[in-house]
Amino acid sequence: MKNLKIYSLMVFLVLLVFTSGCIGTQDDQTATDSDSSDASDVQMEDAQAEMDGNMTPPDGMPDGEMGMPPGGEGGSASVDTGTGAYVLADGEELTEGTYTSSNDDENAIRAEGEVTATLTDVSVEKTDGSASSSDASSFYGLNAAILALDNAVLNINGGTVTATTEGSNGVFAYDGATIYIEDTEITVTGGNAGGIEVAGGGTMYASNLNVFSAVKAAIRSDRGGGTMVVDGGTYTTSGSSGAPAIYSTADVTVSNAILTAETSEAVVVEGLNSVTINDCDVSGNMEGVYGDEGSENIHNVMLYQSMSGDAEVGTSSFTMTGGSLVSNNGDMFYVTNTESVITLNNVDLTLAEDTYLILIAGNDGSRGWGTEGSNGGTCDVNFNEQTATGDIMVDSISEMTLTLSDGTSYTGAINTDGTEASVLSVTIDDTSIWTLSGDSYITELSGNTDNIELNGYTLYVDGVAFE
């Protein structure tokens, strides 16, 4: 019996030591996992910080420098829409009166949930209180003067919107919200803010607005895109490069309007998105590049992919019918690091002196727009019933197919310096004419080749002189 007690005591002690060891081992393992997780989090944060710094520069316009690329910063942000100083109820109608916001991250007027509401001749002022996150202000409408989100439907008739603080976009539709707005005056002068905007799948129908934006685009979209349909009105920006009249990461259609970028490119389309312009007068005046004067292109319409995550990779599309397109400085069209389609239908074109009608080329990669040497552009160019004059340049890592149809008259030289593009194809229908203004080098030629006027120059097709 005594031996049994001693044996039992020994077993108990062994079990106690074993259990203590297991507990200690488990504690050690938990600490190790925690340390590993913390290290991983730090590594991810460092990687994200490096990505944010290399792929898309910060917003704003530092003294003595040109503005930055016109999209959002391209960083990551949790969904933060902030609060509203006045939150609309379902069925509510506000007529006249002034509604303000002075707090950070706060909309002056906000429609959320399943509500349908109407503003008539209301004055909205966001003149104090800044956005705590530039990403959230661009992506989700944080600190916007007016924000509709969720599945809200907001009707705005007349009135004014004034936004002067950091991250205060004028009128913003986010997520499943739809905004109908007409006959409204919108003035936005704060940093990282534009006039009217959709993101995250929002929808906006705008009619006869007068929009002025000092820093970002007058008609703007950001991450998650959406739909914007604009008819009539004036849309003007005065900020330096980075404030186009239109910046699209959505499907944007503008008709019967005047679009003016006083110191920036006129239109930017990023990634798998589109801009369609009908019977509008559009002008740009890009005064400088985003960075080193020698590293980037001066242009009027840009189609590109920033790789920031704000726009899905895919075909960028620009279509314009009627109206006028004026470049006061820089190449008319610049395509880089994306597949794209440019279609012009009877547009009155005015080029700046000593510029290209179209430049399709890679970039130095300093902005994260692809990797240098493999970030050229691919573009299908369609001129329909179009008169166009100006040279076209396609670099060795880029591609273009040019189609002249429906009575088009094109006067210009293509790759006059002899650069051999990856693909450079020209098709001419029976009703159209290409008149050379210099020696030209292409890879393919099809259609009615009798409608080529050499004008004393030589056209080389895949290295062979055309006769």
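## Ground rules

Residues are counted from 1 along each chain as its sequence is written. Since this is a predicted model, local features need pLDDT of at least 70, side-chain atom pairs count only at pLDDT 80 or more, and totals for chains, interfaces and linings use all residues, while side-chain values use heavy atoms, leaving out hydrogens and water.

Tyr180, Tyr205 and Val229 make a nonpolar surface patch of about 250 Å² (patch residues have over 30% relative accessible area and no salt bridge, with nonpolar side chains joined within 5 Å; areas use the Shrake-Rupley method with a 1.4 Å probe; a salt bridge puts a Lys or Arg side-chain nitrogen within 4 Å of an Asp or Glu carboxyl oxygen).

Val229 sits in strand E16, residues 226-237 (strands are DSSP runs of at least two residues). Its relative accessible area is 31%, so Val229 is partly exposed (buried is under 20%, exposed over 50%, partly exposed in between).

## A four-strand sheet

An open, parallel sheet runs in the order E31-E34-E36-E39 (strands pair if DSSP finds at least two bridges between them). Its edges are E31 (387-389) and E39 (452-453), each pairing on one side only.

E31 pairs with E34 (residues 409-411) in the parallel sense over three bridges. Thr389 stands opposite Thr411 in E34.

Terms used:
Patches are made of residues with over 30% relative accessible area and no salt bridge: like charges are joined within 9 Å, nonpolar side chains (Val, Leu, Ile, Met, Phe, Trp, Tyr) within 5 Å. Buried means under 20% relative accessible area, exposed over 50%, partly exposed in between (1.4 Å probe, protein chains only).
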